[in-house]
Amino acid sequence: MTNQPVLAGGTLRRTFEMRFTSTPRGARLARRLAAHRLDAWGIPYGTRPHEEIVLVLGELTANAVRHGHVPGRDFHLLLHVTAPHGTVRIEVTDSRGERMPPQPEETRAPDDEGTGGRGLLLVAALAERWGWHPRPGGPGKSVWAEYALLV
């Protein structure tokens, strides 16, 4: 866990990172702790940015548990905020390297009978941009999304 205060020029930067168990409970805990951090950093509960950021984060952590789970391995959450007129970057890293998400431009809605596959569409709709890259230094991947606080 790290937390950087004000930089030269008055830009406020904050970072929260932590490992969580790759379980639904771990994903819930990540979402709750991140929601609390956002509120403490001046993105209050009940506001549209807070709710949308938490929703994106929830989708990415749920995907890490559902599609990136490796027994005995955790997932890593990085939440980085540049405020007051910047972005929020959410990055979730898991250890599963053989199941990669589609590239953002390849994301398609499932057919009417499909029971899944809508999470990344939600991320794409709410985030300014998103993507993924192989995990540096090990197996797996990092899926990230950036949310513009003010456009």
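Here are some friendly notes on this predicted model, point by point.

1. **The overall layout.** Start with the whole chain before zooming in. The protein chain holds three helices and five strands, and along the sequence they come in the order β-α-α-β-β-α-β-β. Of the 151 residues in the chain, 40% are buried. Take the contacts between residues at least 6 apart in sequence: 59% of them join residues at least 24 apart.

2. **Helix H1.** This helix runs over residues 24-40, which is 17 residues. From first C-alpha to last, H1 reaches 25 Å, close to the 24 Å expected at 1.5 Å a residue. Which residues of H1 are buried? They are Gly 26, Ala 27, Ala 30, Ala 34, Ala 35 and Leu 38. The buried residues of H1 pack against S1, helix H2 and S2. Just after H1, look for Gly 42, which has a positive phi of about 95 degrees.

3. **Helix H2.** H2 covers residues 48-67. With 20 residues, H2 reaches 28 Å from its first C-alpha to its last, close to the expected 28 Å. The buried residues of H2 include His 50, Glu 52, Ile 53, Val 54, Val 56 and Leu 57. Further along, Gly 58, Leu 60, Thr 61, Ala 64 and Val 65 in H2 are buried too. What do the buried residues of H2 pack against? Their partners are H1, S2, strand S3 (87-94), H3 and strand S5 (141-148).

4. **How H1 meets H2.** Two packed helices are described by the angle between their axes and the distance between the axes. For H1 and H2, the angle is about 155 degrees and the axes are 9 Å apart. Angles over 145 degrees count as roughly antiparallel, so H1 is roughly antiparallel to H2. The crossing of this pair is right-handed. On the H1 side, the residues that meet H2 include Ala 27, Ala 30, Ala 34, Ala 35 and Leu 38. On the H2 side, those that meet H1 include Ile 53, Val 54, Leu 57, Gly 58 and Thr 61.

5. **How H2 meets H3.** Helix H3 spans residues 119-126. The axes of H2 and H3 come within 10 Å and cross at roughly 150 degrees. That makes H2 roughly antiparallel to H3. What is the handedness of the crossing of H2 and H3? This crossing is left-handed, whereas that of H1 and H2 is right-handed. From H2, the residues Glu 52, Leu 55, Val 56, Glu 59, Leu 60 and Asn 63 take part. They meet Gly 119, Leu 120, Leu 122, Val 123 and Leu 126 in H3.

6. **An aromatic pair.** The model has one aromatic pair. Phe 20 and Phe 75 form this pair, and their rings sit 5.7 Å apart, centre to centre. Their planes are 25 degrees apart, and the pair is stacked. Why does the pair tie together parts that are 55 residues apart in sequence? Phe 20 lies in strand S1 (residues 12-21) and Phe 75 in strand S2 (residues 74-83), so the pair links these parts of the chain. As for accessibility, Phe 20 counts as buried at 3%, and Phe 75 is buried with a relative accessible area of 0%.

7. **Leu 79 in strand S2.** Leu 79 also belongs to S2. Is Leu 79 buried or exposed? Leu 79 counts as buried, since its relative accessibility is 0% and the cut-off for buried is under 20%. The residues that Leu 79 touches include Phe 16, Ala 34, Leu 38, Trp 41, Leu 57 and Ile 90. Leu 57 is 22 residues away along the chain, and its C-alpha is separated from that of Leu 79 by 8.9 Å.

8. **Arg 129 in strand S4.** Finish with Arg 129, found in strand S4 (residues 129-134). Its relative accessible area is 45%, and Arg 129 is partly exposed. Not counting residues up to four places away in sequence, Arg 129 touches Trp 144, Ala 145 and Glu 146. Arg 129 and Ala 145 are 16 residues apart in sequence, with 5.8 Å between their C-alpha atoms.

How values were computed. Residues are numbered from 1 along each chain as its sequence is written. This is a predicted model: local features need pLDDT of at least 70, side-chain atom pairs count only at pLDDT 80 or more; totals for chains, interfaces and linings use all residues. Side-chain values use heavy atoms; hydrogens and water are left out. Rings of Phe, Tyr and Trp (its six-membered ring) pair if their centres lie within 6.5 Å; planes under 30 degrees apart count as stacked, over 60 as edge-to-face and the rest as tilted. Helices (H or I, at least four residues) and strands (E, at least two) are DSSP runs, numbered from the N terminus. Buried means under 20% relative accessible area, exposed over 50%, partly exposed in between (1.4 Å probe, protein chains only). The expected span of a helix is 1.5 Å times one less than its number of residues. Contact means heavy atoms within 4.5 Å. Axes are lines fitted to C-alpha atoms, for helices over the stretch in contact, and angles run from 0 to 180 degrees between N-to-C directions. Angles under 35 degrees count as roughly parallel, over 145 as roughly antiparallel, 65 to 115 as roughly perpendicular and the rest as oblique. A crossing is left-handed if the near helix is turned anticlockwise from the far one by less than a right angle, and right-handed if clockwise.
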